[in-house]
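Here is a short tour for anyone meeting this structure for the first time. Have a look at the view below, and then read on.

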Amino acid sequence: GENGTLSREDFQRIPELAINPLGDRIINAFFPEGEDQVNFRGFMRTLAHFRPIEDNEKNKDPTASEPLNSRSNKLLFAFKLYDLDRDNKISRDELLQVLRMMVGVNISDEQLGSIADRTIQEADQNGDNSISFNEFIKVGNLYFVYLET
Amino acid sequence: MLLFPQCDRERSVAMEDFWAIVLAGLKVWVCLIVALLMVPAMFGFSLGISETYMKILVKILEWATLRIQTVNKEQQILKSSSFNGLVQRDDGSMEEELRGLRRSRPKPPVGGDFTLSDCFYFYRRGIEDIIEDEVTQRFSSEELVSWNLLTRTNIDFQYISLKLTMVWGLGVFVRYCILAPLRIMLASIGLTWLVIGTTAVGFLPNWRLKSWLSEWVHVMCYRICARGLSCTIHYHNKENRPRKGGICVANHTSPIDIVILCNDGCYAMVGQSHGGLMGVLQRAMARSCPHIWFERADMKDRHLVTKRLTDHVNDKTKLPILIFPEGTCINNTSVMMFKKGSFEIGGTIYPVAIKYDPQFGDAFWNSAKYNMVSYLLRMMTSWAIVCNVWYLPAMHQQEGEDAVQFANRVKSVIAHQGGLVDLSWDGGLKRAKVKDTYKEEQQKKYSSMVVGSEEDRSSNSD
């Protein structure tokens, strides 16, 4: 829109984003709970998660609050993309929904269900059949190892 | 009481003198224009005035660029690093990136796997595309590397020096008060001549003389229009110029493309018939040589369109058709998808690449932002329009190649010659949303990574 805010349609006009299977979840991450417009500040806050980490930030004052693009904040951002109902847990249903978004109609429900079960089994450590943020971090840290090598 | 008539008479004499002077000035002005601009245009030679203007302009712009750079160095403004875009991308394919993400896990016996971190690939791509994507940036004007003293291209304005501001002010005066009225007058003369000339030629019976005359009238009027925009055009490889009975295909940046191409040859145009001034032009042009104008309703009927074009192409005495297969104006940094309709006709295709130099004036018509009249005014108040036209060797559809592949082949040849980015996105995305089939392709690709492809499974079960 021309009034200094973005709506979801504005994001969907980007063709590469519109064909991204998880495009809708990414667009959703920009909008705060229940709102349909995001202003420039909110836009920048979300994008700030993806700023490359600069070396001099490691030596910063330890009492300052953690910068948005720190590793754990990045993981929290990814966790929220899975956690559809924002209850700080990824349940089997939520995982199934995101999986369905990613694969479309190409995989049957049973197969998808077994993939979801297997994933939760591997990651779940306290036996509540869902993935909490701490359990998610363990998976995510492997990704950062990949990035840094 | 007696004084007033005295004053009145003096005033009226003064007024008459004034008008006499103005009239005399106008006569001189018109004679100058005819001699210096119209006569060369009619006979196709050049007096070198525009070349001198361009040389002076280039020197001024170089001086301005140096000034801006020296001042920037003094202020130590941070330069962006060597990324040629806003984001640093890893351009791996989906398979490569996902394999890297899953590296730390043991490879399962049956090909195919899913991890929670798979989604990172999609998120990263999505955010990269939000920041800078390949498509939406093609629908707005190109950003210049250094400022060219036009307010419209000034992105972050900083006061540099008094001299530069004075040069800019002088430029504004020259462009708006001297060049623009001159150009507007030339353009109107050119268009009027076009209508009159083509109508006159249309009355002649169908001799060979008629087609020769009609070509001459067309080219002359387009040359006058080109002077009206201060165009400097460099034609390359003239031996490949489109010939009769062929189809000329070019990338589209603005309506001025037609003026540029028609300065060097005569083409039959294809398009929708309009009302008003455009309609007058179209009907006049159609009288002297056959153009193809469609009614709006007919455009929807693809068979009708194809039939008319095929008939025109098969008649070897008719002029080559000029088509812009992108279907919409793109900002001259890339070439977007060519619609396959023109490539199904089966004639010889003559590709032409047009590249404008953005330093002297931005020729892109952003039809969402400017209507035709304000666009033309912007053109007439730029420094000049400088462009290169490359005629490429003729191409034919090969055996076993369908229209889409042929179109892509022509497109990449044009993009390569003009130094433009070759994109396969549709220019219609300017206004329409992307089709869901593309999303489904992406999903299919990912699914094969999750469950493994059919060959893996069958070979493992043996």
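In what order do the seven strands of the open sheet in chain B run? The order is 1-8-7-2-5-3-4, with mixed pairing. This is a predicted model, in which local features need pLDDT of at least 70, side-chain atom pairs count only at pLDDT 80 or more, and totals for chains, interfaces and linings use all residues. Residues are numbered from 1 along each chain as its sequence is written, chains are lettered from A and ligands numbered from 1 in the order in which they are written, and side-chain values use heavy atoms, without hydrogens and water.

**The sheet of chain B**
- Strand 1 (231-236) and strand 4 (292-294) of chain B are the edge strands, each pairing on one side only; strands are DSSP runs of E with at least two residues, and two of them pair if DSSP finds at least two bridges between them.
- Strand 1 of chain B joins strand 8 (residues 385-391) of chain B in the parallel sense, over six bridges.
- Within strand 8 of chain B, B:Ile385 is the residue opposite B:Cys231.

**Where chain A meets chain B**
- Chain A brings 44 residues to the contact and chain B brings 41 residues, contact being heavy atoms within 4.5 Å.
- On the side of chain A that touches chain B, the residues comprise 31 nonpolar, eight polar and five charged; Ala, Val, Leu, Ile, Met, Phe, Trp, Tyr, Cys and Pro count as nonpolar, Asp, Glu, Lys and Arg as charged, and the others, Gly among them, as polar.

Notes:
Helix = DSSP H or I, 4+ residues; strand = E, 2+ residues; numbered from the N terminus.
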